[in-house]
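Subject: Structure handover and notes

Hello,

Here is the structure that I am passing on to you. Please open it beside this email and follow the notes below as you read.

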Amino acid sequence: MRTQRAALVAAGVVALLVLLALAAPLLTAVEGQDPTTYHPSLIDSARGGVPVGSFGGVSGDHWLGVEPQTGRDLFARLVYGARVSLGVALGATVVQVLVGVVVGVAAALGNRWIDQLLSRITDIFVAMPLMIMSLALLAIVPGSFPRPLLVALVIGLIAWGNTAKIVRAQTLTLKGLDYVSAARLSGWNTWRIARRELLPGLAAPVITYAALLVPMNISAEAALSFLGVGVKPPTPSWGQMLTAANVWYQAAPQYLLLPAGALLVTVLALTVLGDGVRTALDPRAASRLRVGTGRKREAKADADSKKAAADAYSEKGAADVDSKKGAADASAKKAATDASANADASANKEAKA
């Protein structure tokens with residue numbers, strides 16, 4: 001992960017958002033506000049409830065201004081909304097992973113009839129439209145049931161199909177490996193093989209997919225709250241704030257931009273972090289985060305290879321020159337030796353004569 005700067009930045013953003021959500025009561029206490037108290041004196045009833053003052057009523061007491069028509073503090077509702085949105089998304093992800101892993105492993109390890117039955121049930125849930133089914137289920141559940149918990153359960157129990165498909169395919173691959181066959185031949189039962197041999201091998205793909213499910217579930221919760229069947233007032237959530245802000249985007253644009261910007265930053269950071277986790281757990285996979293710098297790296301690699309080739313060629317040329325020079329010196333030395341020998345032979349011959 002340290003080699004991926006974008007993933008590290010995204011991890012820092014996610015950590016900051018989680019810290020803000022956990023510290024929401026402390027932060028609102030420092031500001032001196034809460035997310036449910038109305039402030040009618042801070043809105044202009046003659047103009048339809050527009051906040052009094054510049055930038056939506058931003059002041060030392062209200063750091064991000066106040067909500068139109070009610071005067072509730074926007075900062076308090078934003079940080080408390082982060083708790084609801086992130087909590088619902090994480091809860092739905094946990095339900096999806098648990099149900100998907102159980103169904104996927106059971107389908108892969110069961111006999112042909114169990115595999116066919118669970119696979120067809122999984123196909124039904126994959127083809128099921130999440131928004132329509134969630135709207136139907138959330139509309140018939142009594143209002144006394146805790147709404148954030150209900151939204152998390154509905155999203156998780158409807159959208160587990162893709163997780164089950166991934167787990168089943170990976171389990172079928174792991175089931176044919178030698179160490180699983182050795183465990184089976186050793187007399188281990190199916191549950192022990194799944195727990196000791198298969199689940200550790202499934203950790204990487206499941207964690208990777210779960211990291212990508214969180215931003216999808218945040219968007220689903222925001223959409224359900226925007227449609228009016230998600231988290232109910234006075235509990236704040238980003239989707240609910242967007243629902244109330246759709247008629248105030250001209251008179252009080254910050255009321256729309258703040259929750260929309262928070263959703264954008266959160267989903268983008270979680271998506272980039274999920275891609276970084278996927279690449280870290282599977283080094284063979286190419287990361288989308290590297291697409292922008294791929295040409296620069298390729299150009300640098302080409303330049304380095306060309307430079308190495310040029311250096312090697314220069315060294316080879318220098319070696320050839322040295323070898324040629326050595327050959328020439330040896331030839332000249334041999335010629336001088338031969339001439340000296342011929343001169344000595346002629347002198348000896350003349351002396352004898």
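Two residues are in contact when they have heavy atoms within 4.5 Å of each other. Leaving out neighbours within four places in sequence, Ile-218 is in contact with Ser-85, Leu-86, Ala-89, Leu-263, Thr-266, Val-267 and Leu-270.

Before the rest, a note on the source. This is a predicted model, in which local features need pLDDT of at least 70 and side-chain atom pairs count only at pLDDT 80 or more, while totals for chains, interfaces and linings use all residues. Residues are numbered from 1 along each chain as its sequence is written, and side-chain values use heavy atoms, with hydrogens and water left out.

Overall layout

The protein has 12 helices and 2 strands. Both kinds of element are DSSP runs numbered from the N terminus: helices are H or I with at least four residues, and strands are E with at least two. Read from the N terminus, their order is α-α-β-β-α-α-α-α-α-α-α-α-α-α. Among contacts with a separation of 6 or more, 70% join residues 24 or more positions apart.

Of the 353 residues, 35% are buried. Buried means under 20% relative accessible area, exposed means over 50%, and partly exposed is in between (1.4 Å probe, protein chains only). The protein exposes about 20,200 Å², of which carbon and sulfur atoms supply 66%. Such areas come from the Shrake-Rupley method with a 1.4 Å probe, and for residues only the protein chains shown count as cover.

The cores

A nonpolar core is a set of buried Ala, Val, Leu, Ile, Met, Phe, Trp, Tyr and Cys residues joined through side-chain atoms within 4.5 Å. The largest one has 26 residues, and those touching the most other members are Ile-218, Trp-238, Met-241, Tyr-255 and Leu-263. Two or more residues each come from helix H1 (5-22), helix H3 (74-109), helix H9 (190-226), helix H10 (238-245) and helix H11 (253-281). H11 gives the most, with 8 residues. Another core, of 14 residues, lies apart from this one and includes Val-88, Leu-150, Ile-158 and Ala-220.

H10 is mostly covered, with 6 of its 8 residues buried. These are Trp-238, Gly-239, Gln-240, Met-241, Leu-242 and Ala-245. Their cover includes H3, H9 and H11.

Salt bridges

A salt bridge is a side-chain nitrogen of Lys or Arg within 4 Å of a carboxyl oxygen of Asp or Glu. By this rule there are 5 of them.

Glu-67 and Arg-77 form one, at 3.5 Å from N to O. Glu-67 lies in the loop between strand S2 (50-51) and H3, and Arg-77 lies in helix H3, so the pair ties together parts that are 10 residues apart in sequence. Both Glu-67 and Arg-77 are buried.

Arg-168 and Asp-115 form another, with their closest N and O atoms 2.8 Å apart. Arg-168 is in helix H7 (residues 161-175) and Asp-115 is in helix H4 (residues 112-127), so this pair ties together parts 53 residues apart in sequence. Arg-168 is partly exposed at 26% relative accessibility, and Asp-115 is buried at 14%.

Within H4, Arg-120 and Asp-123 are 3 residues apart, about one helical turn. They form a salt bridge with the closest N and O atoms 2.9 Å apart. Arg-120 is partly exposed at 43%, as is Asp-123 at 27%. Elsewhere, salt bridges that share partners join Glu-67, Arg-72 and Arg-77 into one network.

Aromatic pairs

How many aromatic pairs does a search of the whole structure find? It finds 2. Rings of Phe, Tyr and Trp (its six-membered ring) pair if their centres lie within 6.5 Å; planes under 30 degrees apart count as stacked, over 60 as edge-to-face and the rest as tilted.

The rings of Trp-63 and Phe-75 have centres 5.0 Å apart and planes at 55 degrees, so the pair is tilted. Trp-63 is partly exposed at 36% relative accessibility, whereas Phe-75 is buried at 13%. Phe-125 and Trp-160 also form a tilted pair, at 4.7 Å centre to centre and 40 degrees between the planes. Phe-125 lies in helix H4 and Trp-160 in the loop between helix H6 (147-158) and H7, so the pair ties together parts 35 residues apart in sequence.

Regards
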